[in-house]
Amino acid sequence: MQAIESKRARPLNTNHAIANAVKDLDVDVVSAYPITPQTTVVEKISEFVAKGELEAEFIHVESEHSALSAAISSSVTGARTFTATASQGLALMHEILHIASGLRTPLVMSVAMRSLSAPISIWNDQGDLFNARDAGWIILFAHTAQEAYDSVIQAYKFVEDERVLLPAIIAYDGYLMSHTIEPVVTEGRERVIKFAPKRHYPYRLDPQKPVTIGPIAPPEYYYELKYQQVKAINGSLPIIEEVDKDFEKEFGRGYGIMECYMCEGADSLIMTNASYAASLKAFLPEFREQGLKVGLLRLRLYRPFPLKKFVEYTSDIKNLLVVDRAISYGAPYQGPLANEVAGAKVKEGLGFNIISVVAGIGQRRMDREDFYALARMAHEGGRHEETVFYGVRE
Amino acid sequence: MGERLLSYKEMPIGGVIVNPGNSLEYKTGDWKVLIPKINQDTCIRCRICWYVCPDNAIKELDREYITNKGRKYKISYDVDADFCKGCGMCAQECPVKAIEMVPVEVE
């Protein structure tokens, strides 16, 4: 975990950390609709706009479908644009998610991950995010409020890069992070804009240089445009890495694209993201003392998947316990990430034993002893043919 | 065909059209099965076909025509095969049944 420079830090929850990043990035247009647990992101931004601290156009729309549609339109005029959502809102945006990536708009959206209806649950899991994973967006998970602030800044720097031009999601856990106060250092507009100066969509709408955006593509053209997206998202990985390194040079905080925590001397790893990674960072030293040779593989960059890093960290381990907080109904493993890991294992000829665990669905409570149970399961290994639904009442 | 199509590297990203107005180059009538055949002798030059065509594919030409009954018209109608989709609305609406939908000849 990054050392917090206590003198400069102030108490912010992740939602407010993100709102501050948007302010420091001098975003031009914010188009959003309130949804729990994201609401206080845009609430805080509208406060900044009302107070004149952020000179932005704040578009109040009637739904998330409109929020993202307006954000795309704004982005193609060359305005730096932001939106935020969660859960049903992200689901309602679904068709527009594909349009944002298909049109190659350099948007940034924060997602305070929350479970999906039915039944109605306002609480955290990651069903919303994993439902959106194939929409062609770059996806980063943050595990602290500070990382969320920093990642939004990094995101504008790489999405507006002409070598990338794709939208990005910064995802973090609803409630567990969105409403949890942590120390956060904010850097102020001058330094942030110097690091991430505005670079506009290259074909931006301009009456002097007319273009058509969003036309139909017949069978002779559609495939090539989709292939461009394949190349773009794969090609974005080194640029995302480069931006993270530059960020570290400038601000002293870097995260890498995938993190292996306490991996030295570990036979087994627990692969997880966001708040669970933060919890494990707190618990692992104690678990290690108790003889569990377990480390943490923290997924930060999810799309594009950091396969090389994954191979580097998992080539010599015995067991990889993959924690999913989303369910892939009827899939070989019911954890979506576990399925991807199984694919990566075959593709790269890796030897570890996969343990697929689903946990925390609908924010089912996970305490220290629950993380201990997972660490024990990883340490003991053994073949688990089926996904383990941890903590479900049978 | 035979026309070389652009590779993914050559196409502007996101399907952006950077040369506006190029829809003129796109011949939208290449998939029709039937095409209108206008009988210039029966036609009374009422212009209804020209009005109803959804693709502006009925052309009103300044071409003089004398019918087999000796009536002289200053104009004639013709079909723009590049853009006619063969929907048959002109034939349906023609008050004197001067338009017949006939199969397109495939070479």
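Predicted model: local features only at pLDDT ≥ 70, side-chain atom pairs only at ≥ 80, totals over all residues.
Residues are numbered from 1 along each chain as its sequence is written, while chains are lettered from A and ligands numbered from 1 in the order in which they are written.

**Exercise 1. Work out whether Ile35(A) is buried or exposed.**

Step 1: Find the residue. Ile35(A) sits in the loop between S2 and H2 of chain A; helices (H or I, at least four residues) and strands (E, at least two) are DSSP runs, numbered from the N terminus.

Step 2: Recall the cut-offs. A residue is buried if 20 or more other C-beta atoms lie within 10 Å of its own, exposed if 12 or fewer, and partly exposed in between, with C-beta atoms placed from the backbone.

Step 3: Apply them. Ile35(A) has 22 other C-beta atoms within 10 Å, so Ile35(A) is buried.

Step 4: Look at its partners. Leaving aside neighbours within four places in sequence, the contacts of Ile35(A) include Glu64(A) and Thr85(A); two residues are in contact if their C-beta atoms, placed from the backbone, lie within 7 Å. Ile35(A) and Glu64(A) are 29 residues apart in sequence, and their C-alpha atoms are 9.0 Å apart in space.

**Exercise 2. Describe how H7(A) and H9(A) are placed relative to each other.**

Step 1: Take the angle. Helix H7 (residues 145-159) and helix H9 (residues 219-251) of chain A pack at about 130 degrees, with axes 10 Å apart. Axes are lines fitted to C-alpha atoms, for helices over the stretch in contact, and angles run from 0 to 180 degrees between N-to-C directions.

Step 2: Classify it. Angles under 35 degrees count as roughly parallel, over 145 as roughly antiparallel, 65 to 115 as roughly perpendicular and the rest as oblique. H7(A) and H9(A) are therefore oblique to each other.

Step 3: See who meets whom. Among the residues in this contact are Asp150(A) and Phe158(A) from H7(A), and Ile239(A) and Phe247(A) from H9(A). The contact residues divide into five nonpolar, two polar and three charged. Here Ala, Val, Leu, Ile, Met, Phe, Trp, Tyr, Cys and Pro count as nonpolar, Asp, Glu, Lys and Arg as charged, and the others, Gly among them, as polar.

**Exercise 3. Find which strands stand at the edges of the six-stranded sheet.**

Step 1: Write the order. The open sheet runs S9-S11-S10-S13-S14-S15 (chain A), with mixed pairing; two strands pair if DSSP finds at least two bridges between them.

Step 2: Check both ends. S9 and S15 (388-389) of chain A each have a single partner strand, so one side of each is left without a neighbour in the sheet.

Step 3: Inspect the end pairs. S14 (residues 353-358) and S15(A) pair in the parallel sense over two bridges, with Val358(A) opposite Phe389(A). S9(A) and S11 (residues 294-299) are antiparallel, over four bridges, and Tyr261(A) stands opposite Leu296(A).

Step 4: Look at the faces of S9(A). Met258(A) and Cys260(A) are on its covered face, Glu259(A) and Tyr261(A) on its uncovered one. In a regular strand the side chains alternate between the two faces of the sheet.
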